[in-house]
Each structure stands twice: as structure tokens, then as C-alpha cells.
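This report covers one protein chain. The sequence and structure come first, then the reading.

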Amino acid sequence: MGRDMKALAKTKPEVGLWLEQRPVPEIGPDDVLIRIRKTGICGTDIHIWNWDDWAARTVPLGLVTGHEFAGEIVELGRNVTSLAIGQRCSGEGHLISNQSRQSRAGKFHLDPATRGIGVNEQGAFAQYLSLPAFNVVPLPDEIDDDIGAILDPLGNAVHTALSFDLVGEDVLITGAGPIGIMAAAVARHVGARHVVITDVNQDRLDLAAQVADVVPVNVALQDLHAVQASLKMKQGFDVGMEMSGNQAALDQMIENLVMGGRIAMLGIPPGKSPVDWSRIVFKAITLKGVYGREIFETWYKMIAMLENGLDIRRVITHRFPVDQFRDGFKVMRAGSSGKVVLDWG
Ligand code: NAD
Ligand code: ZN
């Protein structure tokens, strides 16, 4: 073989990523080789670019990064019979074992031995990716490569949004990043009554209003109780989705929830953060931590919803050919974009 490919790797322990020539990965008997067409840049990739404490602790130097992708199967391992060459696909980037109690109970997303492509293992920011066939998610024709490349974060949004029944409920989403915006679109799609999304960044709130039929609230300028009154809400929000990682947002969410409210928490606070637990107890609030996507129920649901009219396309605000990856990361790091998609040609 000895073929080479372009790949975006973390080569040096400093800010940045580097576009390099790497050998095309060899596949094992249960893997497929995917030719990558489009990839999404994730907040995780920005941590790796910035080489913050988490990244320096977690990511091995030399790693090919990236985990949000769409592509096409070009080679099958000898045991793979359920997939075909030429199949367009995305895939679950969490590689799981089949040894843990959780996996053996079918709860693959709760496997404690999970390893992430582009974080612990060779990633998708490359012309080719080797992936276990088990992790492949075939794409129907209606889902193009741009959308295919952002199914991983859409999956975070769907997993969070479907954590609690939203039909007829008033929903508060804190954080209008790409995932919060997509979660708002999902909440609207599945039949919530009011969907309010908060941020302190007006660009992001404007984007939210373009993507979904939601009420954007800039909490640096507007009072959330007044917003509730204007919507004729009486007691507070029924369901909250925390998608900012910001402590003040979580406090505000608890403050604005009904008695017996439910919170799904996807946002990752930067460190230990104080929580007023007595308010959670006295309001009888249920709090659920959400990690990744349910494997593969979230994938099934999101593809089905995309096929029945869920439209999140406008959350993609920028597209670049991979040779201009620096521009893509620059836009992402500025913090006002939606999803940024790189084209691998
Ligand atoms: P992002 O950083 O792009 O968006 C977060 C938004 O929160 C920003 O627009 C920011 O302005 C806003 N914000 C800051 N302070 C706020 C406040 N007080 N009130 C309301 N909004 C406020 O993030 P993203 O890529 O959309 O991801 C959302 C969150 O989910 C992040 O915390 C990310 O780390 C986390 N995440 C978790 C998982 C998981 O598996 N649990 C997976 C992916 C992402
Ligand atoms: Zn991601």
C-alpha cells in the first residue's frame, strides 16, 4: 500500500494544528475505511487547538484530530458483510468495548471504557478514517454531506432534548451555541409550547432565531421573569437544557423552573462549580447529566427527524476547503459562528 493522505494533527505541544502527510490507515477485519468528504469543527477541537490543560492531559501528541464527519466507504474488513463499498456514511466517534456491564446490558453510551476518535484515537480530520463497522451510520440520500458532518453535535442536542417529554411543555435552553440552537430546533419540532433560548452573545441569539422558531433572550440585557410574563407563563419552565457550561446560566435556570421541573445538563463547566443544592431539593428538581449520544437510538431518531422535516441547515454558517483550515478555526475561536464545515475535496 504505502499511500499517503492529508491529515490535521496535533504535532507540537503548543497552540495550533498542522496539516501533514500521513499514511492512509490500515483497517482490521472488523473495520471499514472511509474516504472523508466533510468534517465539522467542534468545541473539543478548539480545546485541542488551544492546547489547554484538559487537552494537554488527554490528547497524545501526534494524534490526528476531529470526530465530526461524513464520507464514503472505500474498503471493507474481511468480516464486514453488512456494509458496501460506495455507501455514504457518518459514524459514532465513541469507540466502545463489549466487556463492561453497561455494554453487555446494551447501554453502549454508558461504557466506562469509551475512547474517542480525534481525542484518544486517530481521528476524522484526514482524507481517510479507519472505523469499526459497528460504529458506521449509513446516510440516506436526503441527508447530504454537510448535514452528515454535523450529526455528532446534532446527536448531542437530540440526546439532551429527548431526555424528557417536551410535548406541550415550556422549555428553557441556556447557551445558544451550535448545540443549544439545534436543541431548540428539536424542542420545537417535537412539540414544545414555548422554547426560550438564552445567551449573552447577541450574534448567537440572532442565529438561533434564524434557525428555529424560538424566543431568543439576551440575559445580559433582559429579565427572564419578564419574558415569562410576556409569554403568559405562570409558574416557570417545565424543562431546562443547560448548554452553556456557565454557572450563572445554571443558577438562572434553577431559579426559573417550575416545582418538579426537569433539567438535562450537557454543558461542561470549566472546573468545580458551586451549586445551591437546597433549591434543587425544595423545588424537587430532577437533574440528568448527558454525555454523547445514545448508541444508536439517538442516531436513529435524529435521522428520522431530519427525514420528517427537522431543519437545522442554517446552523452551518461557514464552509472552507481544508487547505484553509486556519480560517475555519479562526472563525470558531472568535465565538460567534454556528457550525464550521471543512471540505476534504
Ligand atoms: P459553545 O461554547 O459554542 O456555546 C456556549 C454558549 O453559551 C456561548 O454562545 C456562550 O456565549 C453562552 N453563554 C455563556 N454564558 C452564558 C449565560 N450566563 N447564559 C446563557 N448563555 C451563556 O458550546 P457548544 O459547542 O454549543 O456546546 C454546548 C456545551 O455542551 C459546551 O459546554 C460543551 O462543552 C458541551 N458539550 C458537552 C458534550 C457532552 O457529551 N456532554 C458534548 C459536546 C459539547
Ligand atoms: Zn463534536
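Which residue in E13 does Ile 173 stand opposite? Ile 173 faces Met 241. The model is predicted.

## The sheet

Strand E10 (residues 171-174) and strand E13 (residues 237-242) pair in the parallel sense. Four bridges link E10 and E13. Both strands belong to an open sheet of six strands, ordered E12-E11-E10-E13-E14-E15, with parallel pairing. Strand E12 (215-218) and strand E15 (286-289) stand at the edges. Each has a single partner strand, so one side of each is left without a neighbour in the sheet. On average, neighbouring strands of this sheet are turned by 20° against each other, direction ignored.

## Helices on the sheet

Helix H6 (residues 178-189) packs on the sheet. H6 touches E10, strand E11 (195-199) and E13. The direction of H6 makes about 170° with that of E11.

Helix H9 (residues 247-255) lies across E10, E13 and strand E14 (257-265). H9 runs at about 150° to E14.

## Two domains

The chain is divided into domain 1 (4-150 + 312-343) and domain 2 (155-289). Their C-alpha centres lie 28 Å apart. Domain 1 gives 11 residues to the contact, and domain 2 gives 11 residues.

Domain 1 and domain 2 bury about 950 Å² between them. Carbon and sulfur atoms carry 64% of that area. Across this interface the rule finds zero salt bridges. Polar contact is found there for four residue pairs, both residues at pLDDT 80 or more.

Definitions and conventions: Residues are numbered from 1 along each chain as its sequence is written. Chains are lettered from A and ligands numbered from 1 in the order in which they are written. This is a predicted model: local features need pLDDT of at least 70, side-chain atom pairs count only at pLDDT 80 or more; totals for chains, interfaces and linings use all residues. Side-chain values use heavy atoms; hydrogens and water are left out. Two strands pair if DSSP finds at least two bridges between them. Helices (H or I, at least four residues) and strands (E, at least two) are DSSP runs, numbered from the N terminus. Axes are lines fitted to C-alpha atoms, for helices over the stretch in contact, and angles run from 0 to 180 degrees between N-to-C directions. Contact means heavy atoms within 4.5 Å. Domain bounds come from an automatic or database domain assignment. Buried area is the accessible area (1.4 Å probe) that two parts lose on being put together, summed over both. A salt bridge is a side-chain nitrogen of Lys or Arg within 4 Å of a carboxyl oxygen of Asp or Glu. A polar contact is a pair of N or O atoms within 3.5 Å; within protein, one must be able to donate a hydrogen and the other to accept it, and residues adjacent in sequence count only if both atoms are side-chain atoms.
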